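Have the model open beside you and find each residue as you read.

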Amino acid sequence: MQLLYTAWVWIFGLLVTPVFGSLAILTSWVPPRGRTYRFWARWWSRTLVWGAGLDVVVETSDAARSVPGAIFMANHTSAADIVVLFIALARDVRFVAKKQLFYIPFLGWSMWLAGFIPVDRENKEKAREAFDEIGRRLRNGVSILVFPEGTRSRNGRLGPFKKAGFLLAMRTGLPIVPVGIAGARAVLGADGVLIRRERITVRVGDPVSPDGYDFARRGEYVERVRAEIARLGDSAE
């Protein structure tokens, strides 16, 4: 039964992704850039969740719901994280993603047209350019989402955090909103293909301001946010 269920979900995803990707591409010219993409991305995610029969629970704090602009940071254990984050973050947020995702037909093309930000981790100069571009977008009122671990966790535990997102918060003065995801790895493991019908819970916590943290204390800021993401993820289990 699990093999049949897995085959159904993958086939369903391969069918609906080009549809929503094409709609996002065809309407990408509608200003402001990225707003229509968010609309189609949320419906793509909801359709996938519906087709897979998954139970997705979202809990968002009042402070996170009302923050005007922020850097959202989430743990990352599964490809399913991206799907549920489109549902959980009901606002205009740009994802920071590795450049390889932008080569995926329909999905990657629409991400590029929507103004999502590719990062080339193997090219330091390109990474610096992306860092500057992200800072410019943040100052212009665009919120972003990053996975501070830089890649998916292979064992489900939080790995070391990269400091770039925290430096952006201190440079722009925008808060970091911690997000904890639980259950996604049980649905689809980091290296797996089999899909299981499990509950995924996303908890969006209170914003953590960079006020009081300078470059010398950036490690304390990292640990504070990391502890909150871990708590939110554990509480969601």
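1. Take the contacts in the protein chain (heavy atoms within 4.5 Å) between residues at least 6 apart in sequence: 75% of these join residues at least 24 apart. Please remember that this is a predicted model, in which local features need pLDDT of at least 70 and side-chain atom pairs count only at pLDDT 80 or more, while totals for chains, interfaces and linings use all residues. Residues are numbered from 1 along each chain as its sequence is written, and side-chain values use heavy atoms, with hydrogens and water left out.

2. Now the overall build. The protein chain has 9 helices and 7 strands (DSSP runs numbered from the N terminus: H or I of at least four residues for helices, E of at least two for strands). Its radius of gyration, taken over C-alpha atoms, is 17 Å, close to the 18 Å that the globule rule gives for 237 residues, so the chain is as compact as a globular protein of that length (the rule is 2.2 Å times the number of residues to the power 0.38). Along the principal axes, the C-alpha atoms fill a box of roughly 55 × 40 × 35 Å.

3. How much of the chain is buried? Of the 237 residues, 49% are buried, where buried means under 20% relative accessible area, exposed over 50%, and partly exposed in between (1.4 Å probe, protein chains only). The accessible surface of the protein chain is about 12100 Å², and 59% of this belongs to carbon and sulfur atoms (Shrake-Rupley method with a 1.4 Å probe; for residues, only the protein chains shown count as cover).

4. Look inside next. The largest nonpolar core has 45 residues, and Phe-72, Leu-85, Ile-181 and Val-202 have the most contacts inside it (such a core is a set of buried Ala, Val, Leu, Ile, Met, Phe, Trp, Tyr and Cys residues joined through side-chain atoms within 4.5 Å). Among the elements that give two or more residues to this core are helix H1 (2-26), helix H4 (80-88) and strand S6 (176-182). H4 gives the most, with 7 residues. There is also a second, separate core of 22 residues, including Ile-71, Met-73, Ala-169 and Val-208.

5. Follow Ile-181 for a moment. Beyond its neighbours within four places in sequence, Ile-181 is in contact with residues including Ala-74, Val-84, Leu-85, Val-202 and Gly-233.

6. Not counting residues up to four places away in sequence, Ile-82 touches Phe-95 and Phe-147.

7. Finally, compare two residues in the loop between S2 and H4. Is Thr-77 buried or exposed? Thr-77, which lies in this loop, has a relative accessible area of 8% and therefore counts as buried. Leaving aside its neighbours within four places in sequence, its contacts include Arg-152, Ser-153 and Leu-188. Ala-79 lies in the loop too, and with a relative accessible area of 34% Ala-79 is partly exposed. With residues up to four places away in sequence not counted, Ala-79 touches Arg-152 and Leu-188.
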